[in-house]
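My entries follow in the order I worked.

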Amino acid sequence: MIRFRSLLHDSFRLLTCLSFKKGVNIFKLAISYRVSRFRTRPFQSGYPYAMSVEVSTTCNLHCTECPSGLRMFTRPTGKIDFAFFKQIIDQVRGHLLYLTLYFQGEPYLHPHFPELVRYAHDRGIYTATSTNGHFLTEEKARETIRSGLDRIIVSLDGLDQETYAAYRVGGDVERVKNGIRNLVMAKKECRSKSPYVILQFIVFAHNKHQIEAVKAFGAEVGVDEVQIKSAQIYDFDKGDNSLIDDNKYSRYERTGDGAWHIKSRLPNRCWRLWTTCVATWDGMIVPCCFDKDADHRLGDLREDSLQQIWEGEPYQLFRKRVFANRRQITICRNCSEGL
């Protein structure tokens, strides 16, 4: 379910953030990636047009396939300092079109989350985030609207408590439902067309039967889009009770010998390494959102600018590794994006 009028407004809002300078930068990125693919070795021109900044690693839930929920991080944990966040935004605002204020953790646990959004919004950057929805009280929903946030994904992976909590361990499904209602109502009260509200449903074996029901719930409460998403499973090759043998809703498939494999053939390329990057709460730059424990640290924003890191030797070496043999990189083996 997609409300096309809302989608048109959302698309228009994104275009309003596109300056001539940003457009030229995107053109450079596209050309350099095509040249790199043709030569099968990195050629870099331009800077990332999209970026994810981790707001906090803390989460209130214990989701069964999430390193934040399972408290599995080996890297330092914490929340981003507001002054440091400003420094990052000030150095990337000239080329950055799209900012996701999320990587790991629950962003609404940051005490200044609306202010972070507002700071980026006021500097002409499209802002988005993803939340488990437990903190969308009436007041917090109004703060979200006033912050200027452009897009928000609220995860709801079940419509009854038993189904929902099978993955979202420690969660309260009714609290999330009320949070979604609060957000939609706040938009109406503030007469705002933003943020574009996406209700996201991650499909597992235990909740597949509720796909149509969650679409109906989304239409009932008035979200802008219901997004059905395949689940990422860490140890998929060993088999897992969460896996579903359904080509439409799974990113994995079972072969004749009973083993599971990711459906993507993982060609030796990745456009994300030319267009986007991820910053952890403490300033480490990693290649993408699949590097959840920051195993591939390509630079430190506390020591160098993003431009220096983007063009630096560690980034170039990582790009070369992808062109040489993507399957040898652990975080790439479970990737369904960037192809």
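The model is predicted, so I kept the rules in view: local features need pLDDT of at least 70, side-chain atom pairs count only at pLDDT 80 or more, and totals for chains, interfaces and linings use all residues. Residues are numbered from 1 along each chain as its sequence is written, and side-chain values use heavy atoms, with hydrogens and water left out.

**Sheet.** I traced the strands. Helices (H or I, at least four residues) and strands (E, at least two) are DSSP runs, numbered from the N terminus. Two strands pair if DSSP finds at least two bridges between them. I found an open sheet of 9 strands, ordered S6-S5-S4-S3-S2-S1-S9-S10-S11, with mixed pairing. Which strands sit at the edges? They are S6 (225-230) and S11 (299-300), each pairing on one side only.

I then looked at the S11 end. S10 (residues 284-286) pairs with S11 in the antiparallel sense, over 2 bridges. Met284 has Asp300 in S11 as its bridge partner.

**Core.** I took a nonpolar core as a set of buried Ala, Val, Leu, Ile, Met, Phe, Trp, Tyr and Cys residues joined through side-chain atoms within 4.5 Å. Buried means under 20% relative accessible area, exposed over 50%, partly exposed in between (1.4 Å probe, protein chains only). The largest such core has 80 residues. Met51, Phe85, Leu99, Leu156, Ile180, Ile285 and Leu301 touch the most other members. Helix H7 (residues 173-189) gives the largest share of this core, 6 residues. In soluble globular proteins, nonpolar side chains tend to be buried together.

I checked how H7 sits. H7 lies across S4 (151-155) and S5 (196-203), at about 160° to S4. Axes are lines fitted to C-alpha atoms, for helices over the stretch in contact, and angles run from 0 to 180 degrees between N-to-C directions.

Next I listed the partners of Ile285. Contact here means heavy atoms within 4.5 Å. Leaving aside neighbours within four places in sequence, Ile285 is in contact with several residues, including Met51, His296, Arg297, Leu301 and Tyr315.

**Arg168.** Is this arginine buried or exposed? Arg168 counts as buried because its relative accessibility is 9%. Arg168 is in the loop between H6 (161-165) and H7. Not counting residues up to four places away in sequence, Arg168 touches Leu61, Cys63, Ser155, Asp157 and Ile202.

**Cysteines.** A disulfide is a pair of cysteine sulfur atoms within 2.5 Å. I got 0 disulfides by that rule. For Cys288, the closest cysteine sulfur is in Cys289 at 5.3 Å, so it is too far for a bond. Cys288 is buried at 15% relative accessible area. For Cys335, the closest cysteine sulfur is in Cys270 at 5.9 Å, again too far for a bond. Cys335 is buried too, at 6%.

**Backbone.** Most residues other than glycine have a negative phi, and most peptide bonds are trans. I noted the exceptions below.

- The Ser194 to Pro195 peptide bond is cis, with omega near 5°; Pro195 lies in the loop between H7 and S5.
- Arg191 has a positive phi, near 50°. Arg191 is in the loop between H7 and S5 and is exposed, at 79% relative accessible area.
- Ala294 has a positive phi, near 55°. Ala294 is in the loop between S10 and S11 and is buried, at 3% relative accessible area.
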